[in-house]
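Hello,

Here is the structure I promised to hand over. Please open it next to this email and follow along.

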Amino acid sequence: MAVTARNFLGSYFVKERLITVQYPEERSPLPENYRNFPFLVYDNDPQAGLRCVACKICEKECPPQCIYIVKSEDKKPDYVGKPQFYPATFDIDISVCMSCQICVEVCPFEAIKMDKVFELSRRERFDALLMRKSELAKSNTYYHEIHPVEATEVDAGLAKAAAEAEAKKKATAAAAAAKAAAAKATPPAPATSTATTTTTPPPAAAAPTPPPPSS
């Protein structure tokens, strides 16, 4: 009975055990792995720094087909300086999205992540629930705020990939420079003398012998 009484009273007075939350003045903290709808990550600039390269893998793998992407015609450098395409249009219909996170798992560029925002009520059911690129784009700083552990691991992986690409680029340039220097330092081979060959004309053909006179 003492355990029952302690639990009963604790459900009214211990803050960690209170069931009712005075929302929206009070909000229960969300765990880091909580997910709601996707968003696009950008570095520094929401346009030039967008990590998405419009590969359309997420669009193809999305079970409810709620992602719509149009690839750009020009390119911009990515986080390793390689020219890449970018999405001219990137829309997600959150009225269809089932928050399965498959788009996040298949993205090879760490460009799309799951958000924690759940207050997305709208007065209209259709166009208002279609989130476009300008609404989906959120900074890497915001990503670190909602998923600090995951974002740190992602940044470490991207930094490692960028360092490896830079080291490979420097090694290629050094090998090319060494090859050019070796070719420049090697003296040219001496010219070989060509012997004059006297061509003997073929012997002249012998004149035919006339037949003997008849008697």
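In what order do the three strands of the mixed open sheet lie? The order is β6-β1-β8, and the pairing is mixed. The edge strands of this sheet are β6 (112–114) and β8 (137–139), each of which pairs on one side only. From one strand to the next, the twist averages 50°. That angle is taken between N-to-C directions, on a scale from 0 to 180 degrees, using axes that are lines fitted to C-alpha atoms (for helices, over the stretch in contact).

Before we go further, a word on where this comes from. The model is predicted, so local features need pLDDT of at least 70 and side-chain atom pairs count only at pLDDT 80 or more, while totals for chains, interfaces and linings use all residues. Residues are numbered from 1 along each chain as its sequence is written, and side-chain values use heavy atoms, with hydrogens and water left out.

**The overall picture**

The protein has six helices and eight strands. Both are DSSP runs numbered from the N terminus: helices are H or I with at least four residues, and strands are E with at least two.

Of the 215 residues in the protein, 25% are buried. Here buried means under 20% relative accessible area, exposed means over 50%, and partly exposed is in between (1.4 Å probe, protein chains only). The accessible surface comes to about 15,800 Å², and 59% of it belongs to carbon and sulfur atoms. These areas come from the Shrake-Rupley method with a 1.4 Å probe; for residues, only the protein chains shown count as cover.

Contacts (heavy atoms within 4.5 Å) are also worth a look. Among those with a separation of 6 or more, 68% are between residues 24 or more positions apart.

**The two sheets**

Two strands pair if DSSP finds at least two bridges between them. You can find Tyr42 opposite Ser139 in β8.

There is also an open sheet of three strands in the order β2-β5-β7, with antiparallel pairing. Its edge strands are β2 and β7, each pairing on one side only. Strand β2 (residues 67–71) pairs with strand β5 (residues 87–93) over five bridges, and Val70 stands opposite Thr89 in β5. On its other pairing, β5 meets strand β7 (residues 130–131) over two bridges, where Ile92 has Met131 as its bridge partner.

**Salt bridges**

Side chains of opposite charge can pair when their charged atoms come close. How many salt bridges does the structure hold? It holds six, each being a side-chain nitrogen of Lys or Arg within 4 Å of a carboxyl oxygen of Asp or Glu.

One of them joins Arg51 to Asp43, with the closest N and O atoms 3.0 Å apart. Arg51 is buried at 9% relative accessibility, while Asp43 is partly exposed at 25%. Asp43, Arg51 and Asp155 are linked in a network of salt bridges.

Another pairs Glu110 with Lys113, the closest N and O atoms being 2.4 Å apart. Glu110 is partly exposed at 26%, and Lys113 is buried at 4%.

Asp115 and Lys138 form a salt bridge too, with their closest N and O atoms 2.4 Å apart. Asp115 is in the loop between β6 and β7 and Lys138 is in strand β8, so this pair ties together parts that are 23 residues apart in sequence. Asp115 is buried, at 5% relative accessible area.

Is Ala151 buried or exposed? Ala151, which lies in helix α6 (residues 148–185), is buried because its relative accessible area is 0%. Leaving aside its neighbours within four places in sequence, Ala151 is in contact with Tyr143 and His144.

Now turn to Phe13 in helix α1 (residues 2–13). Phe13 counts as exposed because its relative accessibility is 68%. Together with Phe8, Leu9 and Tyr12, Phe13 forms a nonpolar patch on the surface with about 520 Å² of accessible area. Patches are made of residues with over 30% relative accessible area and no salt bridge; like charges are joined within 9 Å, and nonpolar side chains (Val, Leu, Ile, Met, Phe, Trp, Tyr) within 5 Å.

Enjoy exploring, and write back with any questions!
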